[in-house]
Amino acid sequence: VGVVERAASVGGTWRDNTYPGVACDVPSHLYGFAAHPNPDWSGVYARGDEIRRYLERVAEAEGIRPLLNTPMLCADWDVDEELWWVRTGGAHPGVIEADALVLACGRLTEPAIPGIPGLESFPGPLFHSARWDHDVELAGLRVGVVGTGASAVQLVPELARIASVTLFQRSPAWIVPRDARPYTTAERAGFAADPGLLADLRAQLYLEGEARFASRSGDQDAAAAARAVALAHLEAQVPDAALRAALTPSYAFGCKRVLLSDDFYPAVASGAVRLEASALAAVEGRTLIAAGGARHEVDALVLATGFTSTQQPYAALVRGENGTLAEHWSRGMTSFASTVVAGFPNLFVLDGPNAALGHNSSVLMLEEQAGYAARALARRDGVLRVDPAAEAGYTAEIDRAAASTPWVAGGCRNWYVDERSGRLTLLWPNTVDAFRERLAATDGSEFLPVPRPSTLPRGAS
């Protein structure tokens, strides 16, 4: 087994995102791997830097030593040799021969830079939240922030402590209490002394996450209850009625990613943050022009504008039997079991089509996908070619399950839905339990039968 990594270290999201306040919005003891419990998480929600250290420790414990600074330039399936040729660059240029190829590239890796007229003319510091420039001193400056998603609600309160912030909000988010707190020394000692405590806590957190699926996916009663919690949270933290109105979403609860924060609303209400309740429409030098017509002068600009999610950047690099993944996914990502793709033999995509979650820990999905891939490879007797009918059937299941959910029909624009087809291509539209059952039920029939050479004597019929 060989692993190549384009960056200088492992860590993925938690290596790349180092903006002020970066942290996980999944409880820490549910975000780690089941086989690697960590009794020493600092609090209910882990900071980005400690998650990175955790991943580095897991890699070391498992003996995983990737070729670092080694991007995959392309991967091509050789029909005659029935193997993958993976061309690499960077520190280890060359070609790797592989019987099977696992793409564990993540889904939120490439920053989405909005096409705003004049953006390139901005004369001050300008960077994306996922590429934070720590050499820039923002204290005392007028800082524009574009976006009010998951990254923005974490970094804006931190910026508001040192700078004057103008926040451009295309559409407000549903935000519920985070209820974050540190674990005490006694709690962490207890976790270390009794692994059963951690197992019980993980099981409890898992059930709480599964219970959230109802409110995120459109159950009317559950959504109404969750919406009431969010509105009460907003009212308690933002006294000004006009500001509250500007921060109140008009779309269905769950349509966009539901955010967790205890300090975003207080920061916006404090006066240190000026809320511009419309998108950034144009840039003229240091002047930011809002869609609503207002003009704002800033010294620095931070783009908290998310990532390219529905069109994965690696897809154009991978060529199977009939073209590239990008071509196969030209109407949106498809797969069987959210992991294998017709026309791409012996290929497994982790965290790819319909493998993300809006209610629970994505690590749980990754573990199930990894288990499925291991089982498929263990029983492999020849090339694993996905039956196109199996992929089409799985895709139809996804589409039927997604059709009435807020993600598709909730009246918002989100990063879960492919803009080319209107299909839900990022989220799994069901519970983790249902995903586990779906993958456990697979028996290999999703793969085409392996042709066998004839054993008849030459000339026989």
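When I say exposed, I mean a relative accessible area over 50%, whereas buried means under 20% and partly exposed lies in between, all with a 1.4 Å probe and protein chains only. What we are looking at is a predicted model, in which local features need pLDDT of at least 70 and side-chain atom pairs count only at pLDDT 80 or more, while totals for chains, interfaces and linings use all residues. Residues are numbered from 1 along each chain as its sequence is written, and side-chain values use heavy atoms, with hydrogens and water left out.

Let me begin with the charged pairs. A search of the whole structure gives 22 salt bridges, a salt bridge being a side-chain nitrogen of Lys or Arg within 4 Å of a carboxyl oxygen of Asp or Glu. One of them joins R65 to E60 at 3.1 Å from N to O, and R65 is exposed, with a relative accessible area of 59%.

What separation do the closest N and O atoms show in the salt bridge between R107 and D351? They are 2.4 Å apart. R107 sits in the loop between β4 (101-103) and β5 (126-128), and D351 in the loop between β16 (347-349) and α11 (362-378), so this pair ties together parts that are 244 residues apart in sequence.

Because D399 belongs to helix α12 (residues 388-402) and R423 to the loop between α13 (406-409) and α14 (432-440), the pair ties together parts 24 residues apart in sequence. Here D399 is partly exposed at 29%, whereas R423 is buried at 14%. Elsewhere, R47, D49, E50 and R53 are linked in a network of salt bridges.

Now to strand β7, residues 164-168, where 4 of the 5 residues are buried. Strand β6 (residues 142-146) pairs with β7 in the parallel sense over 5 bridges, pairing here requiring that DSSP finds at least two bridges between two strands. Within that pairing, R142 stands opposite S164 of β7. β7 also pairs in the parallel sense with strand β10 (residues 273-276), over 4 bridges, and there F168 has E276 as its bridge partner.

Technical notes. Helix = DSSP H or I, 4+ residues; strand = E, 2+ residues; numbered from the N terminus.
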